[in-house]
Amino acid sequence: MTLGVLPAAAAATEGRTASQQRQIESAPDAAWSLAATLDPAHVQTPNSVLTLYGVYAFTPILVNFNPKVLDPSINQSAVPMYAVPDDRPHTYKVVFHLTTDVTATTRYKLNDRTPVTVAAGDADLEFTETITKQGWHPWALRNANNDHWLFYSVKVYEQIG
């Protein structure tokens, strides 16, 4: 039911061979329709809402999560939710735009999935998932290493065709 599309840098940590990664990267792109864009200045649309937990600092441009200042046991996550319209299968691509100031790599965890490794600096972290149940569906993203990170935006796309 659930599929993940990870940054190329994370492929090796997910057990893929270089050949398998090339096959994934060369596969034809699915057709996607932008369903929602959420950021600190735009936290709600008719079919989506963004909830932020454990925020250290907040501006209309970014959200600062800092487990070194706030206790790491505090839930520090960005959670976009989307209203799935019915019980037929819908495939969504969720793309988080974020950054971290660590010197090498960090790891992010979406919901209860295995954390993915991402290079330091700006990143567009992409996940896909097929949902078969009507109602609000959350994607909770948090830093699995308790590193300092900044959240800028998230886009939700629905696969069409």
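Modeller: Start with Arg113. A polar atom of the Arg113 side chain lies 3.2 Å from the backbone oxygen of Thr128. Keep in mind that this is a predicted model.

Colleague: OK. Where does Arg113 lie?

Modeller: In the loop between strand 7 and strand 8. Strand 7 covers 90–110, and strand 8 covers 116–131.

Colleague: Is Arg113 buried or exposed?

Modeller: Buried. Its relative accessibility is 17%, and buried means under 20%.

Colleague: Next topic. How many salt bridges does a search of the whole structure find?

Modeller: Two. One of them joins Glu129 and Arg113. Their closest N and O atoms are 4.0 Å apart.

Colleague: What does the pair of Glu129 and Arg113 tie together?

Modeller: Parts that are 16 residues apart in sequence, because Glu129 lies in strand 8 and Arg113 in the loop between strand 7 and strand 8. Both residues are buried.

Colleague: And which side chain meets Arg88 in a salt bridge?

Modeller: That of Asp86, with 3.6 Å from N to O. Asp86 is partly exposed, at a relative accessible area of 26%.

Colleague: Now rings. How many aromatic pairs does the count come to?

Modeller: Five. Take Phe65 and Trp149, one of these pairs. Their ring centres are 4.4 Å apart and their planes sit at 15 degrees, so this pair is stacked.

Colleague: Why stacked?

Modeller: Because the planes are at 15 degrees, and planes under 30 degrees apart count as stacked.

Colleague: Which strands hold Phe65 and Trp149?

Modeller: Phe65 is in strand 5, residues 63–65. Trp149 is in strand 11, residues 149–160. So the pair links parts 84 residues apart in sequence. Phe65 and Trp149 are both buried.

Colleague: What kind of aromatic pair do Tyr108 and Trp149 form?

Modeller: An edge-to-face pair. The distance is 5.5 Å centre to centre, with 75 degrees between the planes. Tyr108 lies in strand 7 and Trp149 in strand 11, so this pair ties together parts 41 residues apart in sequence.

Colleague: Are Tyr108 and Trp149 buried or exposed?

Modeller: Tyr108 is buried, with a relative accessible area of 1%. Trp149 also counts as buried, at 1% relative accessibility.

Colleague: Which residues form one aromatic cluster?

Modeller: Phe65, Tyr108 and Trp149.

Colleague: Last one. Where does Lys93 lie?

Modeller: Over the face of Tyr157, at 5.1 Å from the ring centre.

Definitions and conventions:
Residues are numbered from 1 along each chain as its sequence is written. This is a predicted model: local features need pLDDT of at least 70, side-chain atom pairs count only at pLDDT 80 or more; totals for chains, interfaces and linings use all residues. Side-chain values use heavy atoms; hydrogens and water are left out. Helices (H or I, at least four residues) and strands (E, at least two) are DSSP runs, numbered from the N terminus. Buried means under 20% relative accessible area, exposed over 50%, partly exposed in between (1.4 Å probe, protein chains only). A polar contact is a pair of N or O atoms within 3.5 Å; within protein, one must be able to donate a hydrogen and the other to accept it, and residues adjacent in sequence count only if both atoms are side-chain atoms. Rings of Phe, Tyr and Trp (its six-membered ring) pair if their centres lie within 6.5 Å; planes under 30 degrees apart count as stacked, over 60 as edge-to-face and the rest as tilted. A charge sits over a ring if NZ of Lys or CZ of Arg is within 6 Å of the ring centre and within 35 degrees of the ring normal.
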